[in-house]
Amino acid sequence: EVASRAESLYSRVNLAPAQPEVYVECARLLQRLERRQDAIEVLIAGAAQHEDPVVLRPLGMAFAEVGRKEEARETWQRVLAVDPGDYDGHNNLGVLLQEAGRLGEAIESLRRAAQIDPRNASAINNLGVALAEARRLDESIACYRRALTLSPDFTIAWNNMGNALRGLGQSEEAAVALKTAIRLRPARCSA
């Protein structure tokens, strides 16, 4: 069923331009069949036809998933050129910039994501991670605290805060945060 639907959509998008959603659905089905390269090619074709976040977002994710980080960054920049207020664009671009060591740009992009969606604990945690990597530990801890206010069981934020507090020499408070992270989900901690 999935394979025949994927083949039908795949041949359709190869024959004539389609709506952005058709490219995305075809790529999704191809990914389910573990045909990641075909999925990327379909999304590239869709992006060539439609400079639309509907097709660009999954293309950025697909590039990142297969390790094509520069192409992923370029794709997220395309999303933001079309829609400067796109949360996913800022968040994903920020994470990729951080991974590339471009911390100033990463912090700017992640800060924008957190402004767009101020109740998104994950966005705020991501900003905290970039700030911590830039050795701006006080600011990163403030982000983790804010993320935990929004999502008290956010294990990764507890773990990140504990490590940042430890980096500032605040051992007792770090121990409390790290123990909370371990209690919530031991396999996700890097204390």
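This is a short tour of the structure above, one selection at a time. Keep in mind that the model is predicted.

**Stop 1: the whole chain**

Begin with everything shown as a cartoon. Follow the chain from the N terminus and the elements read α-α-α-α-α-α-α-α-α-α-α.

How many of the 191 residues, as a percentage, count as buried? The value is 44%.

One more number describes the fold as a whole. Take the contacts in the chain with a separation of 6 or more: residues 24 or more positions apart account for 44% of them.

**Stop 2: Gln19, in a loop**

Select Gln19, which sits in the loop between helix H1 (2-15) and H2. Is Gln19 buried or exposed? Its relative accessibility is 52%, and exposed means over 50%, so Gln19 counts as exposed.

Gln19 and Val55 are 36 residues apart in sequence, while their C-alpha atoms are 9.5 Å apart in space.

**Stop 3: Cys26 and Cys143**

Now pick out two cysteines. Cys26 has a relative accessible area of 0% and is buried. Cys143 is buried as well, with a relative accessible area of 8%. Both values fall under the 20% cut-off, which is why both residues are called buried. What is the count of disulfides? It comes to 0.

**Stop 4: two residues with a positive phi**

Select Glu34 in the loop between helix H2 (20-32) and H3. Glu34 is not a glycine, although its phi is positive, at about 65°. Glu34 is also exposed, with a relative accessible area of 61%.

Arg135 has a positive phi of about 65° and is not a glycine either. With a relative accessible area of 59%, Arg135 is exposed.

**Stop 5: the H3 and H4 pair**

Colour helix H3 (residues 36-49) and helix H4 (residues 53-65). Two packed helices are described by the angle between their axes and by the distance between those axes. For H3 and H4, the angle is about 145° and the axes are 9 Å apart. The crossing of H3 past H4 is left-handed.

Show side chains to see who makes the contact:

- From H3, select Ile40, Leu43, Ile44, Gly46 and Ala47.
- From H4, select Val55, Leu56, Pro58, Leu59, Ala62 and Phe63.

What kinds of residue are in the contact of H3 with H4? There are 10 nonpolar, 1 polar and no charged residues.

**Stop 6: Val129 and its neighbours**

Go to helix H8 and select Val129. Val129 is partly exposed, with a relative accessible area of 26%. Which residues does Val129 touch, not counting those up to four places away in sequence? Show Gln98, Tyr144 and Asn160 to see them.

Val129 and Ala164 are 35 residues apart along the chain, and their C-alpha atoms are separated by 9.2 Å.

**Stop 7: Arg185, after H11**

For the last stop, select Arg185 in the segment after helix H11 (171-184). A relative accessible area of 43% makes Arg185 partly exposed, because that label covers values between 20% and 50%.

Finish by drawing a distance from Arg185 to Ile156. These two residues lie 29 residues apart along the chain, with 9.0 Å between their C-alpha atoms.

How values were computed
Residues numbered from 1 in each chain as written. Predicted model: local features only at pLDDT ≥ 70, side-chain atom pairs only at ≥ 80, totals over all residues. Heavy atoms only, no water. Axes fitted to C-alpha atoms, helices over the stretch in contact; angles between N-to-C directions. Helix = DSSP H or I, 4+ residues; strand = E, 2+ residues; numbered from the N terminus. Left-handed = near helix turned anticlockwise from the far one by under 90°. Contact = heavy atoms within 4.5 Å. Nonpolar A, V, L, I, M, F, W, Y, C, P; charged D, E, K, R; others polar. Buried < 20%, exposed > 50% of the residue type's maximum accessible area, 1.4 Å probe, protein only. Disulfide = S-S within 2.5 Å.
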